[in-house]
Amino acid sequence: MKRHLKKINALIENFDVETELALQSVSKTKKYKKGEFLLYQGEICKSSFWIEEGITRKYYMNDKKEVTTELLFKHDLAVAFSSYVSNQPSLEFIQAITDVTVSCIDKNSFRDIKENHPQLIQFTIRKFL
């Protein structure tokens, strides 16, 4: 995962000014208190969450037990990938385990700005390689 994050950070650092401004225009800062959910199991993941501060976890339920699959920290991307891509209900929860500040980008808004910003297309292709 760290290898992927390094690639993502390298791409972001090389965005031109117009691409950065486009991202800022569709990005919203949200704050979650410890214990609050960014995404519930069964919801469709329609946003990606770039963690600015704090820690979140992704988990699912198995026989009434919580199974944590990821801990996500500052500069990590929190997203229920299979739900985000397939538009199907998420099998995972994303929960703040400390107070968290995120930059949230709606999937449809991101899709719309990609059309005019080729660096975002490259970012999308490489993000999950």
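This is a predicted model: local features need pLDDT of at least 70, side-chain atom pairs count only at pLDDT 80 or more; totals for chains, interfaces and linings use all residues.
## Helix 2 against helix 4

Let's start with the helices. Two packed helices are described by the angle between their axes and the distance between the axes. Here, helix 2 covers residues 17-26 and helix 4 covers residues 107-114; their axes come within 10 Å and cross at roughly 155°. Angles over 145 degrees count as roughly antiparallel, so helix 2 and helix 4 are roughly antiparallel to each other. The crossing of helix 2 past helix 4 is right-handed.

Which residues of helix 2 and helix 4 meet? Helix 2 brings Ala22, Leu23 and Val26, while helix 4 brings Ser109, Phe110 and Ile113. Sorted by class, this contact has five nonpolar residues, one polar residue and no charged ones.

## Lys58, a lysine in strand 4

Lys58 sits in strand 4, which spans residues 56-62. Is Lys58 buried or exposed? Its relative accessibility is 7%, and buried means under 20%, so Lys58 counts as buried.

If you are wondering what the side chain of Lys58 reaches, look at Val79: the backbone oxygen of Val79 is 2.8 Å away. Leaving aside residues up to four places away in sequence, Lys58 also touches a list of others, among them Val67, Thr68, Thr69, Glu70 and Leu72. Ala80, Glu92, Phe93 and Ile94 are likewise included in the contacts of Lys58.

## Ser86 in helix 3

Ser86 belongs to helix 3, residues 81-86. With a relative accessible area of 36%, Ser86 is partly exposed.

A polar atom of the Ser86 side chain lies 2.6 Å from the backbone oxygen of Ser82. For a view across the chain, take Cys45: it is 41 residues from Ser86 in sequence, and the two C-alpha atoms are separated by 9.3 Å.

## Two loop residues with positive phi

Most residues other than glycine have a negative phi. Lys64, which is not a glycine, has a positive phi near 65°. Lys64 is found in the loop between strand 4 and strand 5, and Lys64 is exposed, with a relative accessible area of 82%.

His75 is not a glycine either, and its phi is positive at about 70°. The loop that holds His75 runs between strand 5 and strand 6. His75 is partly exposed, at a relative accessible area of 37%.

Key: Residues are numbered from 1 along each chain as its sequence is written. Side-chain values use heavy atoms; hydrogens and water are left out. Axes are lines fitted to C-alpha atoms, for helices over the stretch in contact, and angles run from 0 to 180 degrees between N-to-C directions. Helices (H or I, at least four residues) and strands (E, at least two) are DSSP runs, numbered from the N terminus. Angles under 35 degrees count as roughly parallel, over 145 as roughly antiparallel, 65 to 115 as roughly perpendicular and the rest as oblique. A crossing is left-handed if the near helix is turned anticlockwise from the far one by less than a right angle, and right-handed if clockwise. Contact means heavy atoms within 4.5 Å. Ala, Val, Leu, Ile, Met, Phe, Trp, Tyr, Cys and Pro count as nonpolar, Asp, Glu, Lys and Arg as charged, and the others, Gly among them, as polar. Buried means under 20% relative accessible area, exposed over 50%, partly exposed in between (1.4 Å probe, protein chains only). A polar contact is a pair of N or O atoms within 3.5 Å; within protein, one must be able to donate a hydrogen and the other to accept it, and residues adjacent in sequence count only if both atoms are side-chain atoms.
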